[in-house]
Amino acid sequence: MENRGTGTLRIRQVLLLFVLLEMSQAGSESGRFSVAEEMQNGSLVGNLAKDLGLEVDELFSREAQVVSNDNKHRLLLDRNTGDLLLGEVLDREGLCGSSEPCVLHFQVLLENPLQFFRAELWVKDINDHTPTFLDKDMLLKISEGTAPGTSFQMESAQDLDVGKNGVQNYTLSPNLYFHLKLQDSDEGRKYPELVLDQALDREKDRELRLTLTALDGGSPPRSGTAVVRVSVLDVNDNAPEFERPVYEVQVPENSPLDSLVVKVSATDLDAGIHGELFYSFSQVSRDIRKTFEIHPISGKVHLKALLDFELIQSYTINIQAIDGGGLSGKSTILVRVVDVNDNPPEIVITSLTSTIPENSSPEMTVVVFSLRDQDSGDNGKMVCSIQDNLPFLLKPTFKNFYTLVTEGALDRERQAEYNITITVTDMGTPRLKTQRNITVLVSDVNDNAPAFTQTSYTLFIRENNSPALHIGSVSATDTDAGANAQVTYSLLPPQDPSLPLASLVSINADNGHLFALRALDFEALQAFEFLVGATDRGAPALSSQALVRVQVLDANDNSPFVLYPPQNGSAPCTELVPRAAEPGYLVSKVVAVDGDSGQNAWLSYQLLKATEPGLFGVWAHNGEVRTARLLSERDAAKHRLLLLVKDNGEPPRSASVTLHVLLVDGFSQPYLPLPEAAADAAQADPLTVYLVIALASVSSLFLFSVLAFVAVRLCRRSRAAWVGGCSVPEGHLPGHLMDVSGTGTLSQSYQYEVCLMGDSGTSEFKFLKPVISNLPPQNPGREENHPFLNGFGFN
C-alpha cells in the first residue's frame, strides 16, 4: 500500500514538473545521445551521470528518473551506475518515417532539490529495407508514330530507409528502342525516364518487355525490380462504322424489365486502343435515358422501364461508337412499340334508372352507357351483350354509346328485381372481358285482385254452440305489394233475402276469421251459404269473392218420440191377440221418431218389463212386438208390456211406452172383463163403473171404426185376389215421420195387410200381418220353424 501511494505521489510530481518545464527555461541543460535502430533491448546508450556532470550517488539519492513526452519507456536509467539503457527495440521508420534526422526528446528529473535536464536521442538509420515498386507490372502504351527522343516518365521505387540507404540508382535491361535517364525531383529523390531511341514498328513488335531495377546506397546494396510492358499502339487513322445506319426493332409493350431490345455492332480497322470501341447514346432525351440503356462494350440495348403503347408508340434513339483515339461513328435505333391487349374494356354509366313501374311502356330507357378500350386495332374492338331470357334489349346509338331499354311490359308479380350483367369483350388475343352488374327494381301497380285460397269453403259447426264461437277462416292473397296487397274481408249481402246473415255470422276484416253470433239449431237450420268479399287497398281497389257454406252438425238434443201406441190418450190402447196365435205372431209395432239425424236418430227397442216374462218379445231394430211361444189356457188374459225406445247418440236419450195386450179366444167372442176386474168393479163405486164402461165402449167403437177404415183402404189397392176382398196397403207415412235410411224410426220398408175372413164361422180377424214389399218373397214352409224368435231380445 505504501509503494502504491508513493507511486501515485511520484506521478503527481512528474506532472507538476512538466508544467514547470513549460513555464521556465532557467537552470536547464540539454544532452545528446545516439543509437542505431534495431539494437537489442538493454543495449547501452550512454552514461547519463558522466554526461550531465553528476555523481552516481547523487542520481540515486535524488531519485533520478527518465520521462519521455509520450510517456513510453523506451529508455531505462540504472541509478547504481548512471548508465542509460534501451528499454525496447527501436524502429526508425516506425518512429520517424522518412524524416531525417530521427530525434526522440526526453527529460531527466531530480528531486530534493527539484532539478530537470532535457536530452535528445538520435536514432540512426540502417539499410534494413529493399527498394520496392508499387506496381510490379507497368504498362506503357506508345503509338507507333511517336518521334524518337520522346521521354516517358516511370514510377519510382519506394525505400523506407533514408540517406544513402535510400534509392540511389536505376538500371534498365538492354534493348534496341529505349535507354534510361534519371531525373531529380523537388524532394531530392531520383525518378527514372524512358527515352525512345528509335521509332517503334507495331507490325514488327507489338509489345516490348523491359526490366527496371532500383538500387539503394547501403552496404551491401539492396535492389528491387519491376516489369515494364511497352504496348505499341497503332495510329488512329480509321473511324468506327456501324453495320447498319438504322436499326428498326419492334418491342411488345408488355416486355419485362432488362429485356434485350437490340444489339448494335460497329467495326474499326485500327487495332489496340484505336480499335477498342465504346458505345453510348448521343443527344437523346431524358425519357429515352430513363427507358433504355446501352452496354458500352457489348452494344446491347436493354429496357430500364416498362413500355406503354398507349403513351408512346415509338422511340428514335441516336447512338455512337467511340474508339480509343477519340474517333466516332453514328447510327440510329428506331424502336416501334407493339400494342398488346393489356387494357380491358371500360364501361362508363351515363344515366341509370334503377326503378321502373310494371305498367311502363315498351322500350323505356333504363341505362345509357359508353364503352372505351385504350388498345388499338383488334385489341380495341369491343362486343357488348347482356344475359339471355331478360325482358331488356341493348341498342347501339352512336360511336360507342349504348342504351338498355325494356322489351315489353314488365310484371312485378313474376319478377320484382332484375340483376343485369353488361359484358364487354374485346377482340384481342387473349380476349379481355369487363362486366358491370346493374340492379333494376320493378315498382308495383295494383293490377291483381285478391285471390282466395279456395273458390268455396265448407265449415262445420255443431249445434247449440256458444255465441262468438270461431268457426273457421277464409284467406285471400294479393300478389301485389305494399298497400296494393293489403286485403280487407267483408260479408256480402246474401242471395236469399230471408236469411238473417247479419245475426248468424260475422267476419274479422283484417284476418278473415269467421264467428257464429248465436247458438244454431240443427233441427231449425241445417246449412246456409253466403259470400265473402276480399278487397285490397289499391287505387282503384280490386276485389274478389268466395262462397262459404256452413254445415250445422247435429247434436243428440232430442229424445225419441213415440207415435204409436199414442201416449196422450185418456184410455190406453189395447192390442187383441187370439189364443190360437202361433209363435212369432205380430202383436203390435211400436212406431217412434227422433228429431235428430244420423247416428243420433238410430233407434233401438227393448222390453223392460212384462206381466208374464217370456211370453212376448220385441224386435230391437223395428219395434215389432211378437209372441215368443204358443199361448195356453193358463196364460192370463190381460198383459201389460213396458217398452224402452233409445237412440244411438252420445250420451243416448230414451223414451218409454206402455203396451196393453188382451188375449181372446176369437174376435167374434165378446170382450169380457177378467174375474179380478169384475170383482174390483163390484166393489167400486157404481158411478165409476159406469164411466169405465162408457169409456171402453167409445174406445172400442173408435178402434173398430179405424180398423174398418184401414181395411177398406187396403182392399181398394189390393194386388191379389183374396177371399173376402182383402188387399195390401200401399200408402206411406208422412215424410216428416220417415227415416229414409230404414235404420231409425218408421220405415217405408214395412207395409201391413188387414184381412177379414167373411166365410169363417168364427169370424176370425187376421191382424197386422207384415208384408215386406221390397224384399224377395220368403219360403212359406219356413214359417212353421219360427226363425223370427231368434231375433227377439227378452228381458
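## A salt bridge to start with

Let's begin with Arg32, which is exposed at a relative accessible area of 58%. That puts Arg32 over the 50% cut-off for calling a residue exposed. One thing to know before going on: what you are looking at is a predicted model.

What does Arg32 pair with? Its partner in a salt bridge is Glu120, and the closest N and O atoms of the two are 3.8 Å apart. Arg32 belongs to strand E1 (residues 30-36) and Glu120 to strand E7, so this pair links distant parts of the chain, 88 residues apart. Glu120 itself is partly exposed, at 23% relative accessibility.

How many salt bridges does the structure hold? There are 14.

Another one brings together Arg229 and Asp137, whose side chains meet at 3.1 Å, N to O. Asp137 is partly exposed, with a relative accessible area of 36%.

Glu363 is found in the loop between strand E25 (355-357) and strand E26 (365-372), while Lys395 is in strand E28 (residues 392-396); the two are 32 residues apart, and their pair links distant parts of the chain. Lys395 is partly exposed, at 30% relative accessible area.

## Rings that meet

Now for the aromatic side chains, where the count comes to nine pairs. In one of them, the rings of Phe133 and Tyr170 have their centres 6.3 Å apart and their planes at 55 degrees, so this pair is tilted. Phe133 lies in the loop between strand E7 (115-124) and strand E8 (137-143), and Tyr170 lies in strand E10 (residues 167-172), so the pair ties together parts that are 37 residues apart in sequence. Are these two residues buried or exposed? Phe133 is buried at 1% relative accessibility, and Tyr170 is buried as well, at 4%.

Phe398 and Phe401 make a stacked pair, with 5.1 Å from centre to centre and 20 degrees between the planes. Phe398 is exposed, with a relative accessible area of 53%, whereas Phe401 is partly exposed at 27%. Elsewhere, ring pairs link Phe452, Tyr457 and Tyr489 into a cluster.

## A buried serine

Ser331 is part of strand E23 (residues 328-338). With 4% relative accessibility, Ser331 counts as buried, because the cut-off for buried is under 20%.

What does the side chain of Ser331 reach? It comes to 2.9 Å from the backbone oxygen of Pro245. Leaving aside residues up to four places away in sequence, Ser331 touches Phe242, Arg244, Pro245, Val246, Tyr247, Ile317, Asn318 and Ile319.

## Strands around E21

Strand E21 (residues 300-303) is joined to strand E17 (residues 260-263) by three bridges, and the two run antiparallel. Across that pairing, Val262 has Val301 as its bridge partner.

Strand E20 (residues 292-294) also runs antiparallel to E21, again with three bridges. Here Phe292 is partnered with Leu303. E20 and E21 form a hairpin with five residues between the strands, and in this hairpin Gly299 takes a positive phi near 80 degrees.

## A four-stranded sheet

To finish, look at the open sheet of four strands with the order E42-E49-E48-E45 and mixed pairing. Which strands stand at the edges? They are E42 (574-578) and E45 (603-610); each has a single partner strand, so one side of each is left without a neighbour in the sheet. From one strand to the next, the twist averages 35 degrees.

Inside this sheet, E48 (residues 638-647) and E49 (residues 654-664) pair in the antiparallel sense over nine bridges. His639 stands opposite Val661 in E49. If you follow the side chains along, keep in mind that in a regular strand they alternate between the two faces of the sheet.

Key. Residues numbered from 1 in each chain as written. Predicted model: local features only at pLDDT ≥ 70, side-chain atom pairs only at ≥ 80, totals over all residues. Heavy atoms only, no water. Pairing = 2+ DSSP bridges. Axes fitted to C-alpha atoms, helices over the stretch in contact; angles between N-to-C directions. Buried < 20%, exposed > 50% of the residue type's maximum accessible area, 1.4 Å probe, protein only. Polar contact = N/O pair within 3.5 Å; in protein donor to acceptor, adjacent residues only side chain to side chain. Contact = heavy atoms within 4.5 Å. Phe/Tyr/Trp six-rings, centres within 6.5 Å; stacked < 30°, edge-to-face > 60°. Salt bridge = Lys/Arg side-chain N within 4 Å of Asp/Glu carboxyl O.
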